[in-house]
Every structure is written in structure tokens, then in C-alpha cells.
Amino acid sequence: MTIRLQQSVGGYTDDGLYKVEVNAAGDPVGVYKGNGLRFPTVESAYGYGLDLALRWTAVRDFRVIDLDGNVCELGSPGP
């Protein structure tokens, strides 16, 4: 499993809502799926994603995105 944390493209939104998407076994590489859960910070979303990756055996990768669809980096200062 690879945990990718990338610079956001276009910066973060200021509404403080982030979501987790996973790429699981059986999904094509690069295809991520999420659910309706939202988190107030990048760190809390990352913690949830890491917890999923440790509990689910099928998770190959996960990412945290803001509501604009930008992939977020843990600890990034933003724009």
C-alpha cells in the first residue's frame, strides 16, 4: 500500500471540510471512492484514512481531498 500525500492544486478551501477516498483491491489504479463522511481538518481526515488502511485488508491507497477536489498534503500551510 502506498500512502500518497500531495500538494493541493489550487489551494485549500476555507470551509474546513475534507473527505477521504480509497483505492481498494478490485478498483482500477487511480480510481478512488469515498463516502459521505466529512472532517474539519486535513489531519482528522488523514487519521481516519490511515485507520481504514490499517483495518481493511483491501485498501491499496488513500487520499484526502478538499471539497473542491484538490488532493491535500498533511501539514501543508495552504496557499
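**Exercise 1.** Which side chain meets that of Arg 63 in a salt bridge? Keep in mind that this is a predicted model.

*Solution.* Start with the idea that side chains of opposite charge can pair when their charged atoms come close. Here the partner of Arg 63 is Glu 21, with 2.7 Å from N to O. Finally, look at Glu 21: its relative accessibility is 12%, and because buried means under 20%, Glu 21 counts as buried.

**Exercise 2.** How many salt bridges does a search of the whole structure find? Work through the remaining ones.

*Solution.* The search finds 3 salt bridges. One of them joins the side chains of Lys 33 and Asp 27, at 3.2 Å from N to O. In this pair, Lys 33 is partly exposed at 49% relative accessible area, whereas Asp 27 is buried at 14%.

Another joins Arg 55 and Asp 51, at 2.8 Å from N to O. Both residues sit in helix H1 (residues 42–55), 4 residues apart, which is about one turn of the helix. Arg 55 is partly exposed at 49%, and Asp 51 is partly exposed at 35%.

**Exercise 3.** Is Asn 23 buried or exposed? Find its surroundings too.

*Solution.* First locate Asn 23 in strand S2. Its relative accessible area is 4%, so Asn 23 is buried. Now check its contacts, leaving aside residues up to four places away in sequence: Asn 23 touches Pro 28, Val 29, Gly 30, Val 31, Tyr 32, Ala 58, Val 59, Arg 60 and Asp 61.

**Exercise 4.** How many aromatic pairs does a search of the whole structure find? Describe how the rings are arranged.

*Solution.* There are 2 aromatic pairs. In one, the ring centres of Phe 39 and Tyr 48 lie 5.0 Å apart with planes at 35°, so this pair is tilted. Phe 39 is buried at 13% relative accessible area, while Tyr 48 is partly exposed at 22%.

In the other, the ring centres of Tyr 46 and Phe 62 are 5.5 Å apart and the planes stand at 45°, so this pair is tilted as well. Tyr 46 lies in helix H1 and Phe 62 in strand S4, so the pair ties together parts 16 residues apart in sequence. Both Tyr 46 and Phe 62 are buried.

Definitions and conventions
Residues are numbered from 1 along each chain as its sequence is written. This is a predicted model: local features need pLDDT of at least 70, side-chain atom pairs count only at pLDDT 80 or more; totals for chains, interfaces and linings use all residues. Side-chain values use heavy atoms; hydrogens and water are left out. A salt bridge is a side-chain nitrogen of Lys or Arg within 4 Å of a carboxyl oxygen of Asp or Glu. Buried means under 20% relative accessible area, exposed over 50%, partly exposed in between (1.4 Å probe, protein chains only). Helices (H or I, at least four residues) and strands (E, at least two) are DSSP runs, numbered from the N terminus. Contact means heavy atoms within 4.5 Å. Rings of Phe, Tyr and Trp (its six-membered ring) pair if their centres lie within 6.5 Å; planes under 30 degrees apart count as stacked, over 60 as edge-to-face and the rest as tilted.
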